[in-house]
Amino acid sequence: MNTPWFNHTLLLLFFVGFASVASAQKNGPKEESAEEQAFRVALLPDTQIYSLRYPEIYQLQTEWIAQEAQNKNIKFVIHLGDIINDRTEREWKLADAAMKTLEKKGIPYSVVPGNHDTIDKKNPKVRDTQKYNEYFSPERFLNKKWYLGNFEEGNENNVCEFTANGHSFLVVNLEYLPRDKAIAWADRVIKEHPNHNVIVATHTYLGLSGRDRVVPKKDQIQGNNGQQLWDKLIKRNANVFMVVNGHFYGSRFQQSKNLAGGKVIELLTDYQNLANGGNGWLRLLEFSPADKKIYVKTYSPYLQRVFESPEHTFEFDFDFGRLEKMRSRPSKTRPKTKANHKLK
Ligand SMILES: [Zn+2]
């Protein structure tokens with residue numbers, strides 16, 4: 001087909017000017033190279049009310065992802081925890097069915113337990129993840145090529161990977177209020193993958209007014225809040241570029257600098273307080289190497305529209321060569337880290 005090439009050239013002539021045209025003529029029509037092709041990561045925020053009352057919306061979300069995965073180049077799906085609300089068998093079965101929709105299409109995804117998946121109100125002193133592990137056990141994922149492993153017996157802490165455009169990504173999923181030993185495990189895993197761009201997912205981290213600084217009194221378990229997780233893990237590992245969480249009603253984002261001076265995107269997504277348990281809103285992180293951006297979009301397959309407001313649709317600059325640059329940077333130009341920051 002010659003016509004599109006012809007139209008394309010004309011358009012370029014008109015809009016871009018002679019210099020670009022000369023290069024387009026030399027290289028033929030401009031197509032997105034494999035290296036430049038945009039790809040997406042989908043975030044599934046708290047599905048607890050869907051599992052309880054609106055399972056058809058949860059099902060619709062995963063069906064939409066499965067249907068659009070190829071078209072939209074969705075490389076990975078991260079569930080942000082609170083899969084269920086009331087800990088009933090019925091809810092777990094409905095959640096299981098929704099997530100199986102992704103599995104049937106071979107779409108890589110990860111899960112983390114939220115507070116509802118972890119704490120039984122009748123005994124708030126212990127982590128009771130028996131049902132979580134019954135339905136989303138390590139065994140469920142062991143034969144998946146994207147699943148790299150877990151910590152201890154269960155799947156509360158697990159690590160996954162995917163590649164896109166020649167870049168490797170690691171998704172480190174951490175339990176609700178991660179214990180020190182879970183953080184130490186994550187630290188080892190992240191350090192063992194220095195060439196991976198790392199996303200950390202955990203249920204509570206960023207709240208509406210910054211990182212979470214308390215452990216809820218009603219949950220009497222030992223663990224680290226968002227600020228402690230930043231101090232003990234995130235800021236110390238230069239290849240972590242993003243932290244995603246749910247739990248706190250709303251949407252918020254901030255960018256912080258780690259000890260090496262690199263940017264870390266911190267992103268809260270949770271729509272469960274809206275109508276119908278969240279109206280089906282889910283997050284799409286569109287990585288665009290060509291634009292050097294990450295576009296964050298919020299879309300509902302239930303309402304069939306994009307959430308068009310600055311709170312829900314925004315963007316970040318993203319340097320896809322950041323790891324290579326980090327490695328080549330002479331150590332004396334690196335910002336000094338505080339020597340007295342010992343891991344507690
Ligand atoms: Zn929660």
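## Helix H9

Lys181, Arg188 and Lys191 are exposed on the other side of helix H9 from its buried residues, which are Ala182, Ile183, Trp185, Ala186, Val189 and Ile190. Viewed down the axis of H9, these buried residues lie within an arc of 160°, so they line one face of the helix. The arc is taken over the directions from the helix axis to the C-beta atoms. A residue counts as buried with 20 or more other C-beta atoms within 10 Å of its own, as exposed with 12 or fewer, and as partly exposed in between, the C-beta atoms being placed from the backbone.

The 12 residues of H9 reach 16 Å from first to last C-alpha, close to the 16 Å expected at 1.5 Å a residue (1.5 Å times one less than the number of residues). The buried residues of H9 pack against strands E5 (158-164), E6 (167-174), E7 (196-202) and E10, and against helix H10 (226-232). Contact here requires C-beta atoms, placed from the backbone, within 7 Å.

## Model and overall architecture

This is a predicted model, in which local features need pLDDT of at least 70 and side-chain atom pairs count only at pLDDT 80 or more, while totals for chains, interfaces and linings use all residues. Residues are numbered from 1 along each chain as its sequence is written.

The chain contains 11 helices and 16 strands; these are DSSP runs numbered from the N terminus (helices H or I, at least four residues; strands E, at least two). Of its 344 residues, 42% are buried. Among contacts between residues at least 6 apart in sequence, 66% join residues at least 24 apart.

## Nonpolar core

The largest nonpolar core has 79 residues, of which Val77, Ile78, Val171, Val172, Ala186, Val200 and Val244 touch the most other members. Its largest share, six residues, is contributed by helix H9 (residues 180-191). Such a core is a set of buried Ala, Val, Leu, Ile, Met, Phe, Trp, Tyr and Cys residues joined through C-beta atoms within 7 Å. Beyond residues up to four places away in sequence, Val244 touches Leu43, Ile78, Leu80, Ile199, Ala201, Leu267 and Thr269.

## Helices H4 and H5

Helix H4 (residues 55-68) buries Ile57, Tyr58, Gln61, Thr62, Trp64 and Ile65. These residues fall within an arc of 155° about the axis of H4, so they too line one face of the helix. They pack against strands E1 (39-44), E2 (74-79) and E13 (282-288), and against helices H3 (48-52) and H5 (89-104).

The axes of H4 and H5 come within 8 Å and cross at roughly 10° (lines fitted to C-alpha atoms over the stretch in contact, with angles from 0 to 180 degrees between N-to-C directions). The two helices are therefore roughly parallel, a term for angles under 35 degrees. The buried residues of H5 are Glu91, Leu94, Ala95, Ala98, Met99 and Leu102, and their cover includes H3, H4, E2 and strand E3 (109-110). Just after H5, Gly106 adopts a positive phi of about 70°.

## The loop at His247

His247 occupies the loop between strand E10 (240-245) and strand E11 (250-257). This histidine is buried, with 27 other C-beta atoms within 10 Å. Apart from neighbours within four places in sequence, His247 contacts Asp46, Asp82, Gly114, His203, Thr204 and Asp270. His203 lies 44 residues away along the chain, yet its C-alpha atom is 6.0 Å from that of His247.

Notes
Two residues are in contact if their C-beta atoms, placed from the backbone, lie within 7 Å. Angles under 35 degrees count as roughly parallel, over 145 as roughly antiparallel, 65 to 115 as roughly perpendicular and the rest as oblique.
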